[in-house]
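Subject: Structure for you to look at

Hello,

Here is the structure I said I would pass on. Please open it next to this email and follow along; my notes come after it.

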Amino acid sequence: MVLLGPPGAGKGTQAKIICDRIGVPHISTGDLLRKSVADRTPLGEKAEAYIKKGTLVPDGITLEMIAERLSTGGCADGFVLDGFPRTVPQAEGLKDCLERLHAPLDYVLFINVPRGTTTQRLGSRRTCKACDALYHLVFNPPARPDRCDSCGGELFQREDDRQETITARLDVYGRQTMPLVNYYRAQGLLREIDGVGKVEEIKDRVFQALEIEGS
Ligand code: AP5
C-alpha cells in the first residue's frame, strides 16, 4: 500500500497505526533518508542538501533505496510505503520493482488535507530521536516538551519544519506529487479520505477505506 498526501497530512502518524494493526513494515523514505544523513553515509551526503531546501532527492537515489529495502526481507506479507512514490517516474519505477517481486499494489490511500492545516501541524511537530514517535505541541503534546512519553528519548524539531522550508515542501508537493492522485485514480487504485480531524477520527476513516477491522 502507498500513503499519499501533502507534507503534514498525517501519513507517518497513520502509517504507524496501520502497521501496528496489520503487522507489516512501515517504510518511510523520509525516515530512511534522514537516517542516512545522520549516519553520514554517501547516500546521506548526496541527499542532505535537497532535504534542507525542501526539494526532492533525485528519483534514481530514492528508487534504488526502495528497491533495496523491499528486497531485504520482512516485506513478504505486505508493507506500507510512506512518502514514496512522489513523482510519476518514481511511480513507474515502483511498478517495475513490484512486478519483479510479484507484489502488486493493493491500495493507494490519499489523505487529503488543506494547506493551512498542514502548515499548522508541521510548525509544532516534535519527533523522538530514539523511537521516532510523533508528537504535536498543541494537538498531541508529550507530558514533557522535550521527552518522549513512550521511551523517554529526546524530542527534536526537524530541520525542514522551518516556515520557509515548509512553504517550499508544499509547493514541491503541488507541482511534483499531486499528479500522482490522477495517475493512481486512472488505475483504479486510489482511495481518498478527508484528513482533517482528530488522529482517532482519521484512523477510523483510514480503517474503513482500507477495510481493516476495528474501525
Ligand atoms: P518526509 O519525511 O516524507 O516528509 P513529508 O512527506 O513532507 O511528510 P511529513 O513527514 O512532514 O508529514 P506526514 O504526512 O508524515 O505527517 P505526520 O504524521 O508527521 O520527506 C522529507 C524530505 O525527504 C522531503 O522534503 C524530500 O527532500 C525527501 N524525500 C522523502 N521521500 C522522498 C521521495 N520519495 N523522493 C524524493 N525525495 C524524498 O504529522 C505531522 C504533524 O501533525 C505531527 O506533529 C503529528 O503529531 C500531527 N498530526 C498528525 N495527524 C494529526 C491530526 N489528525 N490532527 C492534528 N495533528 C496531527
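Gly 54 sits in the loop that joins α3 (42-53) to α4 (59-71); helices here are DSSP runs of H or I with at least four residues, strands are E runs of at least two, and both are numbered from the N terminus. This is a predicted model, in which local features need pLDDT of at least 70 and side-chain atom pairs count only at pLDDT 80 or more, while totals for chains, interfaces and linings use all residues. Residues are numbered from 1 along each chain as its sequence is written, and side-chain values use heavy atoms, with hydrogens and water left out.

Gly 54 has a relative accessible area of 7%, so it is buried (under 20% relative accessible area; exposed is over 50%, partly exposed in between, with a 1.4 Å probe and protein chains only). Its C-alpha atom is 23 Å from that of Leu 109, which is 55 residues away along the chain.

Some individual distances to the ligand follow. A polar side-chain atom of Thr 13 is 2.6 Å from a ligand oxygen, and a backbone N or O atom of Gly 12 is 2.8 Å from a ligand oxygen. An N or O atom in the side chain of Thr 29 lies 2.8 Å from a ligand nitrogen. On its own the ligand exposes 1000 Å², of which the protein buries 97% (Shrake-Rupley areas, 1.4 Å probe).

Arg 86 comes up again at Thr 177. Thr 177 belongs to helix α7 (residues 163-177) and is buried, because its relative accessibility is 4%. A polar atom of its side chain lies 2.8 Å from the backbone oxygen of Arg 86.

Last, which residues of α5 are buried? They are Gln 90, Ala 91, Gly 93, Leu 94, Cys 97 and Leu 98. They cover an arc of only 160° around the axis, so they lie on the same side of α5 (the arc is taken from the directions from the helix axis to the C-beta atoms). Glu 99 and Arg 100, on the other side of α5, are exposed.

Regards

Note on methods:
Polar contact = N/O pair within 3.5 Å; in protein donor to acceptor, adjacent residues only side chain to side chain.
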